[in-house]
Amino acid sequence: MGFIPHPLDRQRGSLALAADRLGEGGQGVVTRVLGPEGLVYKEYMPQAGQVNGMGLADLVDFGRAQAREDVRLLLAQCSWPVARVVSGDRVTGFLMRCVPDEFYGPIGGKSKLVELQYLLYKPNWAWQDLHQPDIDGRLEIAMLAARLIDLLHNHGWIVGDLSFRNLLWRPAAPYSVFMLDCDGLRRHGAEPVLRQAHTPDWNDPHQPSSGPDLDTDRYKLALLVGRVLAQAAGVRPGQSLELLPGLPEHVVTAVQRLFTHAAGPRGTRPSASDWVRALSQRPTVRVPRPVPRNQPTTSGLRSNSPEGSRRGSVPIGGLTEGRSPLAQPPASPSERQWTSVSPFKAPVVVPPRPAPVVVPPRPAPPSPASPPPPARRKPLIFAPRPTPQPPMSQPPMSQPPVSRPSPPPAVPTLGQRVVASDAYAEQRRLAPRGGVVDDDEVAHLIDHLAAGAGRDSVANIAVLLADTADRTVLLMRALKNLLNVEQTEVITLKDRDRTVELNVRLLEEQFLEEDEL
């Protein structure tokens, strides 16, 4: 489809831009627009690919519909596109409002955006002065994130690249959240504005070949909640989730249950509204209501989503009549009705109405148990922490001690095999700057890059190492000296030292093939 003008389009040449860039990512450069509007301009890079102008126009049109309170609430939490920017008949980017000052904090001696990543790691020198919320604050931030995703889903939007980089939090109470990169959102079944971005270690293992969808968002929301409440950057559904102490018991039970279910197949993952209920400070109260015998019964339960009765454009995979597959099997609809719980309000307890004098209906047979989720293979980088075993009681003297087989030895990772090879030992001896990075860091970096299809940004690696981007670039150059045997490009720095690429096949040829024959 050719270029179609939009009434809010702004010409690229009409923008008065600041001299310094505010930020730069894999798809675009963000610059402040001079003037009273308080806007910034994201200009797409040539390597970002073809821009879907109609998809961007759809985002702009939605942002204009602010008559409804829920839409205004949504837009207040997002860097939503307010206008496309064009040059002739080509879309070059879009305008959005500036990130509010409250989402900046002291990081590395400067005022920077407070991303979700600063909740997933132990504070280091770079952000030791940044406010760290207590467990109640973490619970509130996780709840706010779940509500935001639920609100987006209620309006038919798929997030896609939900990760620790595009969600901000206010580093002070009362807490709030703010979403970046909203041009990555798309309607269910529609094409994105650009090819979908991907954040390493925030991938959905069951994502369809057509790209991220509602189920992908649900999996990534489980990653977000579990990692924030456990302060564990690598934990995944299917692994043991060791939550930080201090959470209410009912929240711990509900979060661990939903996190386990998120490892299941597509269509069985908990929805955003499931997470909102699980994270609420009060347990969800179910109130049975007897139904008169002569009253017609419904064929299912009403969706807990506030927009569920009006939306028809967002299919909920695997849900039956709007009910979460994670709820405990209730009695048949003819016997009970549940009170609807709004994701923005505390559950309301409704007193039971007196039962009419009628013969009660026969109970429906219990629903069959859901099949257990399939087994998940362990990720390459972040192995799950072992679940502590309770101490065994001393057996009676009359019983012989029970012998237990010793656990099998751990299989070495790719990085561990490389640093244990003779070729690496020789490179370590010859490399003039090899001492900058130690063997454990080399193995960890190799495993991290290999798990991300051999590619990651320097900014992400800096977070992984709890270091600055400038120092990480120096570290990557030292790594090149170690791994690039005889000038082979095993590891390279690209995009003006902003991206690191690892040729895994060449790495294996240079360091492992002779040793493992």
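Guide: Start with an open sheet of six strands, in the order β1-β5-β6-β4-β3-β2, with mixed pairing. β1 (10-11) and β2 stand at its edges with a single partner strand each, so one side of each has no neighbour in the sheet. The model is predicted: local features need pLDDT of at least 70, side-chain atom pairs count only at pLDDT 80 or more, and totals for chains, interfaces and linings use all residues. Residues are numbered from 1 along each chain as its sequence is written, and side-chain values use heavy atoms, with hydrogens and water left out.

Visitor: What makes a stretch a strand or a helix?

Guide: Both are DSSP runs, numbered from the N terminus: helices are H or I over at least four residues, strands are E over at least two.

Visitor: How do you know that β1 pairs with β5?

Guide: Two strands pair if DSSP finds at least two bridges between them. Two bridges join β1 to β5 (residues 81-87), and the strands run parallel. So β1 and β5 count as a pair. Gln11 has Val86 of β5 as its bridge partner.

Visitor: What packs on this sheet?

Guide: Helix α1 (residues 53-64) does, touching β4 (39-44), β5 and β6 (90-97). Contact means heavy atoms within 4.5 Å. The direction of α1 makes about 145 degrees with that of β5.

Visitor: How many bridges link β2 and β3?

Guide: Four bridges link β2 (residues 17-24) and β3 (residues 28-33), in the antiparallel sense. Leu17 has Val33 of β3 as its bridge partner. A hairpin of three residues joins β2 to β3.

Visitor: Why is α3 called roughly antiparallel to α4?

Guide: The axes of α3 (residues 135-154) and α4 (residues 214-230) cross at roughly 170 degrees and come within 9 Å. Angles under 35 degrees count as roughly parallel, over 145 as roughly antiparallel, 65 to 115 as roughly perpendicular and the rest as oblique. That makes α3 roughly antiparallel to α4. Axes are lines fitted to C-alpha atoms, for helices over the stretch in contact, and angles run from 0 to 180 degrees between N-to-C directions.

Visitor: Which residues make the contact of α3 with α4?

Guide: Among them are Leu139, Ala142 and Ile149 of α3, and Leu221, Leu224 and Val228 of α4. By class, the contact has 12 nonpolar, one polar and two charged residues. Ala, Val, Leu, Ile, Met, Phe, Trp, Tyr, Cys and Pro count as nonpolar, Asp, Glu, Lys and Arg as charged, and the others, Gly among them, as polar.

Visitor: Why does α5 get that label with α6?

Guide: Helix α5 (residues 249-261) and helix α6 (residues 272-279) pack at about 160 degrees, with axes 8 Å apart. That makes α5 roughly antiparallel to α6. Val251, Ala254, Val255, Leu258 and Phe259 in α5 meet Asp274, Trp275, Ala278 and Leu279 in α6. The contact divides into eight nonpolar, no polar and one charged.

Visitor: What makes β13 and β14 edge strands?

Guide: Three strands form an open antiparallel sheet in the order β13-β15-β14. β13 (455-457) and β14 (491-494) each pair on one side only. The twist averages 20 degrees from one strand to the next. Three bridges join β13 to β15 (residues 499-502), and Arg455 stands opposite Glu501 in β15.

Visitor: Which helix lies across β13, β14 and β15?

Guide: Helix α9 (residues 439-451) does, at about 90 degrees to β15. Helix α11 (residues 469-483) packs on the sheet too, touching β14 and β15, at about 145 degrees to the direction of β14.

Visitor: What makes a space a cavity?

Guide: On a 1 Å grid over the protein atoms alone, a cavity is a set of points where a 1.4 Å probe fits but cannot get out. The search of the whole structure finds two cavities of 30 Å³ or more. Volume is the space filled by probe spheres set on the points, which are joined across faces, edges and corners.

Visitor: What lines the largest cavity?

Guide: It is lined by 14 residues, with Tyr121, Phe164, Pro200, Asp201 and His448 nearest its centre. Lining residues have an atom within 4 Å of a point. The lining divides into eight nonpolar, three polar and three charged.

Notes
1 Å grid on protein atoms, 1.4 Å probe; cavity = no way out; pocket = protein on both sides within 12 Å on 5 of 7 lines; lining within 4 Å.
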